[in-house]
Amino acid sequence: MDYQLNIDWPAFMATYWQKKPVILKNALPNFVDPISPDELAGLAMENEIDSRLVSFKEGKWHASHGPFTEFDNLGDSHWSLLVQAVNHWHLPAAELLSPFRVLPDWRLDDLMISFSVPGGGVGPHIDNYDVFIIQGMGSRRWRVGDKLPLKQFCPHPALLHVEPFTPIIDDDLQPGDILYIPPGFPHDGYSHQASLNYSVGFRSPNSRDLVSSFADYVLENDLGGNHYADPELARREHPGKIEASEINQIRKLMHDLIEQPEAFNQWFGSFITTPRHELDIAAADPAYDTSEIAAALQEGETLVRLGGLRVLEVGEHCFVNSEPLEISDKKAATALCHFTRLGAAELGDAVTDPQFIHELTTLVNQGYWYFDN
Ligand code: SIN
Ligand code: CO
């Protein structure tokens, strides 16, 4: 299914992106759910897939993590089933992400899908990422408050809620409506009828995670061997004091490590192409040989990128799934980063280059790309 978003992106970005929440009425006209509640429940039974059941019964919140073996005894109200990274496992659902590729891929996280019965929801909470919540079947009431300091608490060890807030949005979503919420705005969705919601979530790393990952990279690659040096040292009156110039020198030693563009890009490329959820990765069986790959491309076949696979260009290099992308033809590497579906037209001259075909064969055999047939 080819989803078209009825959104004026420049206006949206200028007014709302990272600034304030908004309901985009009928942004996906004639919306058809790409998945059924039964299929979603099936995914929540799989070991590799992250899922949660959240319910509110007799005045108490409950939450449990999948995989689930059954969905009996849940009753017909006040529960929600949430499944993470459905785009990694379900191609028709993954297609919902395509129209959001006016935003950079590196900021995208995953597609979370929730199924809620009447009264179902996860309760009032704050997320620290941008999210577009698409209403599928059914309808749900959403309340969103302003970004103000609010107390958070755990009504159950697996849930983080927020104290009551005054809504700045309080409205029912109908199929095809989208609610955009920037980080930090409290919100609460409450289902009127059996309802599917699709959350297109974005990630924005915090400096703690960046520093910690960069430190791992430095250790793994044996970088940062430069020592503090003070050949100009003078006799000290106060040996118990660290001078400001010395602290600056220490800071500079650390800065210098981050200022090496090559190492920095290598680290970031690997960091940002690391998926946060498992991929449905399967090696090609039987493996292709290079002549089969070359023939398929020349016959006009289309290669599809594995759902959730992160393929990104950073500086002069491309990365896939935490590793450098081993493609020597720069234009072809860029095409692999740009298109999620591609063939001879997108790859250009590379399709007749034996070196490229060899490299591509490795990627296809690894299960990173597959033919559409
Ligand atoms: C949901 O679909 O119930 C949760 C979406 C959210 O609040 O982030
Ligand atoms: Co939320």
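# Predicted model: ligand shell and backbone geometry

Student: Which backbone oxygen does the side chain of Gln 135 reach, and at what distance?

Tutor: In this predicted model, side-chain values use heavy atoms, without hydrogens or water, local features need pLDDT of at least 70 and side-chain atom pairs pLDDT 80 or more, while totals for chains, interfaces and linings use all residues. Residues are numbered from 1 along each chain as its sequence is written, chains are lettered from A and ligands numbered from 1 in the order written. Gln 135 belongs to strand 6 (residues 131-135), strands being DSSP runs of E with at least two residues and helices runs of H or I with at least four, numbered from the N terminus. Its side chain makes a polar contact (N or O atoms within 3.5 Å, one able to donate a hydrogen and the other to accept it within protein; sequence neighbours count only through side-chain atoms of both) with the backbone oxygen of Met 137, at 3.0 Å.

Student: Is Gln 135 buried or exposed, and what is its relative accessible area?

Tutor: Buried means under 20% relative accessible area, exposed over 50%, and partly exposed in between (1.4 Å probe, protein chains only). By that criterion Gln 135 is buried, because its relative accessible area is 0%.

Student: Which strands each supply at least two residues of the shell around ligand 1?

Tutor: The shell holds residues with a heavy atom within 4 Å of the ligand: Met 112, Ser 114, His 125, Asp 127, Ile 133, Arg 140, Trp 142, His 187, Asn 197 and Ser 199. By class it has three nonpolar, five polar and two charged residues. At least two shell residues come from each of strand 5 (108-116), strand 7 (140-145) and strand 13 (195-202).

Student: How much of the accessible area of ligand 1 does the protein cover?

Tutor: Oxygen atoms of ligand 1 lie 2.7 Å from a polar side-chain atom of Ser 114 and 3.0 Å from a side-chain N or O atom of Arg 140. A polar side-chain atom of His 187 is 3.2 Å from a ligand oxygen. Of the 260 Å² of accessible area (Shrake-Rupley, 1.4 Å probe) that ligand 1 has on its own, the protein covers 97%.

Student: What percentage of the residues of the protein count as buried?

Tutor: The secondary structure comes to ten helices and 19 strands. The C-alpha atoms fill a box of roughly 75 × 70 × 45 Å along the principal axes. Among the 373 residues, the share that counts as buried is 45%.

Conventions: Ala, Val, Leu, Ile, Met, Phe, Trp, Tyr, Cys and Pro count as nonpolar, Asp, Glu, Lys and Arg as charged, and the others, Gly among them, as polar.
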